[in-house]
Amino acid sequence: MITTGSIVNNTNMDDLAERIKIVYTKPGRDEYGNVSAGTEVVRCEPWAKILPYATRSDADATARVNEVDIRMVIRYRDGILPTDHVIYRGRRFSMLAPPYDAENRHMWAVLECKELIADAEPSLS
C-alpha cells in the first residue's frame, strides 16, 4: 500500500544510483586496557536514492555554521544504528533519527541525516 505523498512513492531499484558507506566506530584499547580512540569500520555499502530536503544557515555571524539535511532511501536492512555515520561522496553525515521502514513493507529504509559544514575563514584581502 503506497500512500499519497510518500517519500518512496514510485521508487524502484533503478532509482538507487548513488553508492554510500554506513560506518561505525569500534572502540579501541590501549596497552593498559583503557578505552582509546577507536577505528572506523564499514557496516555496509548499499546503493541509495539521495533526497535533499532542508538547508539552514545560522544568522549569528560568529557561529558561521551551515547545516544540510538529506534523506537517503536504501533497500531495507536491519542492523543500522542511529549512532552510525554515512559517507557520501567523501562527505560525512550523522543520523538525525533511527532508520525507519518506509510504508512498513520491509522494502525500503529511510535514513534522515545531517551534515555540518564549517564556513571558511574570511580572507584579509
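These legends accompany close-up views of a predicted model. Local features need pLDDT of at least 70 and side-chain atom pairs count only at pLDDT 80 or more, while totals for chains, interfaces and linings use all residues. Residues are numbered from 1 along each chain as its sequence is written, and side-chain values use heavy atoms, with hydrogens and water left out.

**View 1. The aromatic pair of Tyr88 and Phe93.** The structure holds 1 aromatic pair (ring centres of Phe, Tyr or Trp, the latter by its six-membered ring, within 6.5 Å). The ring centres of Tyr88 and Phe93 lie 6.5 Å apart with planes at 45°, so the pair is tilted (stacked is under 30 degrees, edge-to-face over 60, tilted the rest). Tyr88 is buried at 8% relative accessibility, and Phe93 is buried at 0% (buried is under 20% relative accessible area, exposed over 50%, partly exposed in between; 1.4 Å probe, protein chains only).

**View 2. The salt bridge of Arg89 and Glu18.** Their closest N and O atoms are 3.2 Å apart (the cut-off is a Lys or Arg side-chain nitrogen within 4 Å of an Asp or Glu carboxyl oxygen). Arg89 is exposed at 62%, whereas Glu18 is partly exposed at 22%.

**View 3. The salt bridge of Glu40 and Arg92.** Here the closest N and O atoms are 2.4 Å apart. Both residues are partly exposed: Glu40 at 43% and Arg92 at 38%.

**View 4. The salt bridge of Glu115 and Arg91.** The closest N and O atoms sit 3.3 Å apart. Glu115 is buried at 9%, and Arg91 is partly exposed at 35%.
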